[in-house]
Amino acid sequence: MATRLETLCLNLQNALGERIRDLRTAAGEVTLEVAAEHYLETAKLLRDHPDLRFEQLIDLTGVDYSSWGDGAWTGLRFAAVCHLTSISKNWRLRLRVFATDDGFPVLPSVVGLWNSANWYEREAFDLYGILFEGHPDLRRILTDYGFVGHPFRKDFPISGHVEMRYDPEQKRVVYQPVTIEPRENTPRIIREDSYGDVGHG
Amino acid sequence: MGTSAMAEIRNYTINFGPQHPAAHGVLRLVLELDGEVIVRADPHIGLLHRATEKLAETRTWLQTLPYLDRLDYVSMMCNEHAYCLAVEKLLGVEVPLRAQYIRVMMDEVTRILNHLLNIGTHALDIGAMTMVLYTFREREDLMDVYEAVSGARLHAAYYRPGGVYRDLPDRMPQYVENKFKNAETVRRLNAARQGSLLDFLEDFTHRFPTYVDEYETLLTDNRIWKQRTVGVGVVSPERALALGFTGPMLRGSGVEWDLRRKQPYEVYDRMEFDVPVGVNGDCYDRYLVRIEEMRQANRIVRQCIDWLRKNPGPVITDNHKVAPPPRESMKANMEELIHHFKLFTEGMHVPPGEAYAAIEHPKGEFGVYAISDGGNKPYRIKLRSPGFPHLAATDELARGHMIADATAIIGTIDLVLGDTDR
């Protein structure tokens with residue numbers, strides 16, 4: 001008797017076949033990775049295949065992998081990660097697809113398949129600069145009108161580039177370069193696996 | 001009247017918000033109108049964007065936790081819950097059973113708090129002034145519960161990865177006499193507060209069904225309320241799924257989907273409760289769903305109280321790489337002192353990997369997608385807030401309705417901009 005997750009993996013393998021680049025189960029979650037050119041047809045199969053039936057796109061987000069593991073990352077930089085839910089089958093799936101060009105990340109849009117992707121893709125475009133081809137209305141969503149840059153990229157400083165203040169001489173709000181220094185109280189550290197174990201060191 | 005005269009009529013665009021009492025925060029809604037009929041609604045969000053996800057990348061796993069309270073600032077503990085579940089999933093730590101019961105109980109208290117606010121302000125927005133006075137009366141009692149367990153009325157930071165911060169208190173804070181409250185008022189207010197927190201909460205659960213009946217007397221058969229909500233903002237089950245609706249917005253359309261039942265977390269599989277669903281998918285049905293959810297939440301709270309009375313025990317994991325050791329042993333034991341010091345300076349190390357944890361938040365599915373590269377800080381946190389796709393659907397919900405219905409639709413979405421903008 002296969003568990004539910006094994007059934008899901010088996011169904012995915014049967015339905016998608018060669019399109020699967022990576023399929024793994026960790027912490028009770030199934031992660032599927034496909035190439036950008038297979039993204040749209042995979043998404044359509046995931047939604048419509050009678051053994052899969054992922055009716056709902058719960059979440060779509062951009063990820064910038066460039067500083068993963070303090071420079072240990074060698075793959076592509078930008079990915080879009082979707083979380084799908086099937087109401088009728090009661091299972092979940094994570095779908096990851098990397099954009100092929102790090103300098104100009106472009107992915108097909110899934111708005112036509114799941115309408116909820118509309119704002120999620122706008123958000124990923126706003127924060128990471130991933131372009132979604134075929135999106136009906138790809139505007140910025142969370143940042144200010146006229147904002148420059150994509151703030152969630154790892155090379156964007158946490159304090160930003162500009163700050164806003166009221167200028168009493170010009171009698172209006174003006175933008176100027178930031179005057180604060182970014183401050184890090186707790187440094188980011190990655191320890192080796194056995195750190196802190198009994199007998200270590 | 002010829003066609004040339006008609007052609008001169010142009011659509012009118014108005015700005016709703018960002019400072020509008022019915023916008024529930026800072027929502028800017030650009031409405032394109034044909035007379036009084038909405039042709040297009042374009043919500044502009046982000047005015048409350050604080051980049052919580054980016055901030056989380058520069059803070060340790062524990063330091064991130066209080067930021068979660070500030071997302072949906074009317075259901076604080078539920079946000080923390082999803083975050084803790086995600087971190088626990090990555091770490092693989094077990095949460096003590098008593099902590100799980102406390103979490104479930106506080107989640108349901110939060111659900112009542114959230115729905116009380118929603119129903120009160122929704123009614124206020126569309127003309128029923130009295131509701132908010134009654135619902136805020138009950139919210140006050142539950143805010144006291146929040147304060148008693150965590151020390152804060154709003155931003156609790158009570159759930160921690162591995163359990164909850166401390167056990168439930170044995171006594172409730174008391175009112176004291178002052179120039180605004182005389183001895184008689186103080187005696188009345190303190191009557192239910194003589195015992196422990198559980199006594200106070202149990203007393204509340206006995207009183208609460210009557211209060212819900214009162215709300216229903218005011219609204220459920222109210223002619224004006226029905227005129228404003230029945231048939232407004234109708235969503236079919238198919239559209240609700242495609243638009244990414246969850247929670248009462250999805251159940252109002254008749255889809256029986258509740259994570260507490262379908263994918264139970266903590267001890268929800270031991271709880272007895274019903275999942276209400278609507279029929280027509282309009283604002284009125286969603287109101288009825290929320291009313292019934294409050295009654296069911298009350299039932300769950302009562303079951304948790306019974307269990308918590310009988311079963312004392314630890315409330316946080318004894319894995320001191322994740323949770324701090326007790327104060328006494330820290331003072332007496334070198335090893336515990338080191339654990340304490342390392343935990344609060346460097347923070348815990350979460351093994352590399354990714355996890356998505358979702359809970360049935362009062363507004364829908366609240367999910368936390370955490371990616372760790374093995375560091376003491378998250379590599380990436382994505383917060384899936386339920387209000388985001390709901391607000392994205394405003395255009396579809398409002399199209400063809402009168403401009404006055406815009407407030408009814410915003411009210412029914414149960415919008416909190418802190419949650420939508422993150």
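Modeller: A crossing is left-handed if the near helix is turned anticlockwise from the far one by less than a right angle, and right-handed if clockwise. The model is predicted, so that local features need pLDDT of at least 70 and side-chain atom pairs count only at pLDDT 80 or more, whereas totals for chains, interfaces and linings use all residues. Residues are numbered from 1 along each chain as its sequence is written, chains are lettered from A and ligands numbered from 1 in the order written, and side-chain values use heavy atoms, without hydrogens and water.

Colleague: Are α6(B) and α8(B) roughly parallel or roughly antiparallel?

Modeller: The axes of α6(B), residues 129-150, and α8(B) come within 10 Å and cross at roughly 165 degrees. Because angles over 145 degrees count in this way, the two helices are roughly antiparallel.

Colleague: Is the crossing of α6(B) and α8(B) left-handed or right-handed, and how many charged residues does their contact have?

Modeller: The crossing of α6(B) with α8(B) is left-handed. Contact means heavy atoms within 4.5 Å, and the residues that make it include Arg137(B), Glu138(B) and Asp141(B) of α6(B) with Arg207(B) and Glu214(B) of α8(B). By class, this contact has 15 nonpolar residues, 1 polar residue and, for the charged class (Asp, Glu, Lys and Arg), a count of 5.

Colleague: At what angle do α5(B) and α8(B) pack?

Modeller: Helix α5(B) spans residues 97-125 and helix α8(B) residues 197-219, and their axes lie 13 Å apart, at an angle of about 25 degrees. That makes the pair roughly parallel, as angles under 35 degrees do, and the value asked for is about 25 degrees.

Colleague: How many nonpolar residues does the contact of α5(B) with α8(B) have?

Modeller: The crossing of these two helices is left-handed, and the contact includes Met105(B), Val109(B) and Ile112(B) of α5(B) as well as Leu198(B) and Phe208(B) of α8(B). By class, the contact of α5(B) with α8(B) has no polar and no charged residues, and its nonpolar residues number 11.

Colleague: Where is Ala152(B), and which residues does Ala152(B) touch?

Modeller: Ala152(B) has its place in the loop between α6 and β4 (159-160) of chain B. The C-alpha atom of Ala152(B) is separated by 14 Å from that of Tyr67(B), which is 85 residues away along the chain. Not counting residues up to four places away in sequence, Ala152(B) touches Tyr146(B) and Glu147(B).

Note on methods
Axes are lines fitted to C-alpha atoms, for helices over the stretch in contact, and angles run from 0 to 180 degrees between N-to-C directions. Helices (H or I, at least four residues) and strands (E, at least two) are DSSP runs, numbered from the N terminus. Angles under 35 degrees count as roughly parallel, over 145 as roughly antiparallel, 65 to 115 as roughly perpendicular and the rest as oblique.
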